[in-house]
Amino acid sequence: MDNADAEGGRDEGLQGKGGRKYRPVVANSDRAVVEMSSIDLGSSSSAQPPARQPSLMKMKVGTNANMGAEGREGSVPADKQANDPHGEHKLELFGFDSLVNILGLKSMTGEHVQTPSSPRDGEDAFTTDGRRKPSDVKLGTMMGVFVPCLQNILGIIYYIRFSWIVGMAGIGESLLLVAFCGLCTFLTSISLSAIATNGAMKGGGPYYLIGRALGPEVGVSIGLCFFLGNAIAGALYVLGAVETFLKAMPAAEIFTEATTKVNGTISEPVQSISSHDLQIYGIVVTIILCLIVFGGVKMINRVAPAFLIPVLFSVFCIIIGIFLARKDDPVAGVTGLSLESFKENWGSDYQTTNEAGIPDADGKVYWNFNALVGLFFPAVTGIMAGSNRSASLKDTQRSIPIGTLAATLTTTGLYLISILLFGAVATREKLLTDRLLTASVAWPFPVIVQIGIILSTLGAALQSLTGAPRLLAAIANDDILPILNYFKAADGKEPYIATLFTSIICAGCVVIGNLDLITPTITMFFLLCYAGVNLSCFLLDLLDAPSWRPRWKFHHWSLSLLGASINIVIMFFISWSFTIVSLALASLIYYYVSIKGKAGDWGDGFKSAYFQLALRSLRSLGANQVHPKNWYPIPLIFCRPWGKLPDNVPCHPKLADFANCMKKKGRGMSIFFAILDGDYYERAEDAKAACKQLDAYIEYKRCEGVAEIVVAPSMTEGFRGIVQTMGLGNLKPNIVVMRYPEIWRRENLSQIPATFVSIINDCIVANKAVVIVKGLDEWPNEYQRQYGTIDLYWIVRDGGLMLLLSQLLLTKESFESCKIQVFCIAEEDSDAEALKADVKKFLYDLRMQAEVIVITIKSWDLQVEGGGQQDESMEAFNSAQKRIINYLAEIKATAEKHGTPLMADGKPVVVNEQQVEKFLFTTLKLNSTILRYSRMAAVVLVSLPPPPVNHPAYCYMEYMDLLVEKVSRILLVRGYRRDVVTLFT
C-alpha cells in the first residue's frame with residue numbers, strides 16, 4: 001500500500017478503528033488539524049460527510065507554512081499528502097486513534113465522549129447530544145461548600161439548648177460531648193475528603209461516593225434515606241423558624257392562644273402557639289424557600305449570604321455580651337465571667353425535668369450523657385451540604401475537602417469556646433431555667449439572637465431544600481430504579497421535578513406540625529449516611545486497589561473504621577428502637593433495589609474485595625491435589641460439539657439442567673464453552689457476541705457458571721488448547737461434559753468419530769474425568785419428577801465418580817424419589833459373592849444406600865449361549881458387524897491402491913479383526929444386560945471404555961453405538977487417576 005492509499009483522499013477520509021472517519025482539515029493558513037467525526041458503521045468509505053457534523057476534538061498535529069487556498073478550504077490534495085512530509089502523521093505507527101492527536105486526555109474523564117446514563121454501560125453522566133453540557137454557574141469552595149455546611153451545622157440548638165446542655169452536663173462532660181460528636185463528623189469529613197479526591201465526582205454527593213464504593217444497592221438504599229432525611233429536616237427547620245418568630249411577635253398570631261390549668265385548680269392563660277398558625281406560616285415560608293430554590297444556583301448564591309451574615313453577627317453579639325456581662329446584669333442569675341461559676345459548673349448535675357426541660361423532681365424525663373448525645377448531635381450534622389451540590393462545583397477534589405473540614409473545625413471550635421464562656425458567665429440554675437440565655441446576654445439587644453435563630457433555621461432549610469432534589473435527581477439519573485425516571489435532570493440543568501417533589505414532602509410534614517416521633521429517625525438517616533461514607537473509605541483504603549489514589553493523603557483505614565463505629569454507637573445512644581427502624585427501612589429499600597433495580601457494575605469496593613478474596617483463596621489452595629472430602633465437580637461443558645443449533649440458541653437447552661444436577665444445593669461452578677472454527681483475528685467479534693449469548697443463557701437457566709468462547713482452526717485443536725489451559729491452580733475444571741454424537745453417521749459429519757475419539761484421548765492425557773450424555777433431549781428439568789431406579793454399571797475403578805454422581809442426582813427434586821442399584825460385572829461365578837460383599841461393605845463405609853447386583857460374563861466366546869436364543873440386541877450387533885467389515889475392506893483397498901500402510905483419519909492404524917469382534921461382543925453383552933435389568937430405570941450410568949490404541953475411530957463409534965442401543969437415557973462415565981470419595985470422616 002502506498003502513502004496515498006494510507007492517507008486517503010479528500011472524499012474518502014481516513015478509516016480508523018471502531019468505524020471512525022478522519023479527514024484532514026485546516027484551521028488557518030499555517031496550522032493543520034485533524035478532525036474526527038463519528039460515522040455509521042455501515043456507510044461506504046466514499047460517502048460524502050454531512051453538512052454539519054460535530055467534531056469531538058481538534059488537536060494540532062503539524063504545520064505547513066505553504067498551504068494554499070485548497071488547504072484553507074479544509075482539504076489537502078492527494079499528491080501533497082503522499083509526498084509532503086509535513087502532511088504525514090507523526091504518530092502513524094500508533095494508528096489514528098492515538099491518545100495525543102485525536103481523543104485528548106480529557107476524553108478519559110468522559111468530557112468529550114458520549115456517556116451512557118445507565119451504570120450497566122458506563123458512568124452516569126447525562127448527555128443529550130454527545131457533549132457534556134456544562135452548568136451555567138459553577139461554585140467555588142466558599143459559596144459551594146463552606147457556606148452551605150456552616151448554615152446547616154450552626155442551627156437552633158446552639159441558641160436555645162446549648163447553654164442548658166452546659167448546665168446539665170457541666171463544663172467537663174460538655175467538652176467531652178462536643179469532642180465526641182465533633183470527632184464523629186471530623187472522621188467522616190476525612191473519609192469524605194479521601195473518596196471525593198479519588199477521581200472526578202459527579203452529582204449526588206454522598207450517594208455517588210457510597211454507591212461507587214459499596215455498590216448500587218447500598219448506594220441507593222442509603223441515598224434515598226438521606227434524601228428523605230434532608231426533605232423532612234427542611235420541614236423541621238421551617239417549623240423552628242416559625243415558632244421563634246411567633247414567640248418574638250405574639251401579635252402576628254392569627255388564632256386564639258390556648259388556655260391550660262396550673263396546679264390542677266387555677267386556670268391561667270399560658271402563652272402557647274396554635275398549631276394552625278404553625279401550619280399556615282410554615283406553608284408560606286416553605287413556598288418562599290421553594291421559589292428561591294426553583295430560581296437555581298444563581299438565586300441561592302444571592303440569598304445564602306443574607307441568611308448567614310446575620311447569624312454570624314448574632315454569634316458575635318452573644319460573645320461580646322458575655323464579655324460585657326456583670327453580676328445580675330443584664331438579668332438575674334448572670335455572674336459575668338467568674339472563676340467561681342466556672343468551678344461550680346464544672347461537674348455534671350443530671351436530674352429529671354419536665355417536658356420543657358425545667359428541673360422538676362416529679363418530672364418524667366431523666367437526662368444522662370447518652371440522652372444529651374441524642375439532643376446535641378443534630379447540631380453537628382450538615383457536613384454533607386457541600387457534597388450534595390457536587391454537580392455545581394468547579395473543582396470537587398479541592399472544594400469538598402477544604403470546605404467541609406473548615407466548616408467542621410470552625411463550628412466545633414465555636415462550640416468548645418462557647419462551653420467555657422457559658423459555664424463561667426451564669427449560675428447552674430440560670431443555665432437550666434433560661435432556654436434563651438443567649439438572647440438574655442446578647443449585646444446590645446436580645447432581638448438580635450431571635451433574628452439569628454430565625455435566619456439560621458431558614459438558612460438550614462434552604463440548604464436542605466437545595467441538596468435533597470439534587471440527590472434525588474442523581475439517583476434517578478443512574479437509571480437503577482425505573483420508578484425514579486420522572487426525577488431525571490440533564491447535567492447542568494435544575495432538577496425541577498425533584499425540587500417539586502421535595503417541596504411537597506416538606507409542606508406535608510409542615511402540615512403535620514408535630515414531628516417529635518420523626519425527628520430521631522432523621523438523625524438516624526444522617527448517621528447512616530455518615531457510616532456509609534466511613535465504611536466506603538475503610539473498604540477502599542483497606543483493599544488499596546491500583547485505582548485508589550486519592551489526592552487527600554491524611555487518611556487511614558483505621559480512622560474510617562473508628563468513624564463508622566462511632567456513628568453506630570451514637571445511633572444506639574440516641575435510641576435503639578429508632579436505630580432498628582431506620583436500619584429496617586434501609587434494608588427494605590436494599591431488598592427492593594436488588595429485586596426491581598437494573599444490574600449495574602460501577603467497579604465498587606465489594607467487587608474488588610471479592611477479587612482479592614478469590615486470589616487469596618486460590619493461593620491458599622496451592623497446587624496440591626484437593627482432598628476427596630473437599631472435592632467439588634467443576635464441569636467443563638461442551639455446548640455445541642456436534643452439528644449445528646439455531647443461530648440464536650447458544651447451547652443445548654438441557655445442558656444447564658444437567659450441569660445443575662452435578663452440584664449439591666447449587667454450589668459449584670460450571671464452565672460453558674464453545675469452539676468457533678476460523679481465524680481468531682477475523683472472528684474475534686463473533687466470539688464476543690457468542691459469549692454474550694451464552695452468558696444470557698446461563699443466567700436464564702439460573703446456573704452458577706461462566707461462559708467461554710474459543711476461536712480455533714478446528715474443534716480438535718480448540719479443545720486441546722482449552723483442556724490444557726482452562727482454569728487456575730486447583731480451580732481447573734475436572735470433568736468434561738458433552739453430548740453423545742448420535743448424528744455421527746450423516747454423510748456431511750464424517751469427521752465426528754475422529755474428533756470424538758480425540759477429545760476422549762485428550763481428557764485421558766490431561767487427567768480429566770469424562771461424562772457423555774445420551775438422551776439429553778429427554779433429560780428432566782427441576783419440575784419433572786422421576787421414579788424408578790438410578791442404575792450404575794460399575795465395571796472399572798473410577799475413583800468413586802460414578803457413585804458420587806448418583807448421590808448428587810438424588811439431591812435434586814426430580815430424582816429424589818429414585819433408588820440406586822449398583823451392577824458389578826464379574827468374569828467368573830466364583831468371584832460373584834466375594835465381589836458383592838466387598839461392594840456392600842464399601843458402600844456402607846461411604847454412607848451410601850444402594851442395592852448391589854453382581855452379573856457374570858463367563859467367557860468372551862462369540863457363540864451365543866443356548867444356540868438359538870434370540871437377543872433383541874443381535875440385530876444391532878449384526879448391522880454393526882457388517883458396517884465394520886465394509887469399512888475395513890474400504891480402507892484396506894485404499895491402502896493397497898496407493899501402496900501405503902493402513903490409514904484411517906490420516907493416521908496409521910493396526911486392525912486385529914478378532915479383537916474387533918471381541919470388543920463388539922463385549923458391548924453386545926453389556927447392552928443386553930442393560931436392556932434386561934434397566935429398561936425402566938430413570939437413568940443409567942455405565943463406565944466409558946477408553947478408545948483402543950491404534951484403532952480406527954469409526955470402529956470405536958460402532959462399539960459405543962452398540963453399547964447405548966435402545967437405552968433412552970444413559971451417562972457414559974470415565975473417572976481419572978484420583979479418588980473423589982473417601983471412607984474417613
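Biologist: How many helices and strands does the protein chain have?

Modeller: The model is predicted, so values in it are computed. Helices and strands both occur in the protein chain. The count is 31 helices and 20 strands.

Biologist: What percentage of the residues in the protein chain is buried?

Modeller: A residue is buried if its relative accessible area is under 20%. The protein chain holds 985 residues. The buried share is 50%.

Biologist: What share of the accessible surface belongs to carbon and sulfur atoms?

Modeller: The accessible surface of the protein chain is about 47,400 Å². Carbon and sulfur atoms hold 58%.

Biologist: What span should helix α22 have, and what is the distance between its end C-alpha atoms?

Modeller: Helix α22 covers residues 605–621, which is 17 residues.

Biologist: In which sense do β10 and β11 pair, and what is the handedness of the crossover?

Modeller: Strand β10 spans residues 670–677 and strand β11 spans residues 705–712. They pair over 8 bridges, in the parallel sense. From β10 the chain passes through helix α24 (residues 680–700) to β11, and this β-α-β crossover is right-handed.

Biologist: Which residue in β11 is the bridge partner of D677?

Modeller: D677 lies in the range of β10, residues 670–677. Its bridge partner in β11 is A712.

Terms used
Residues numbered from 1 in each chain as written. Predicted model: local features only at pLDDT ≥ 70, side-chain atom pairs only at ≥ 80, totals over all residues. Heavy atoms only, no water. Helix = DSSP H or I, 4+ residues; strand = E, 2+ residues; numbered from the N terminus. Expected span 1.5 Å × (residues − 1). Buried < 20%, exposed > 50% of the residue type's maximum accessible area, 1.4 Å probe, protein only. Areas by Shrake-Rupley, 256 points an atom, 1.4 Å probe, with all protein chains shown as cover. Pairing = 2+ DSSP bridges. Right-handed = clockwise from strand over helix to strand, strands pointing away.
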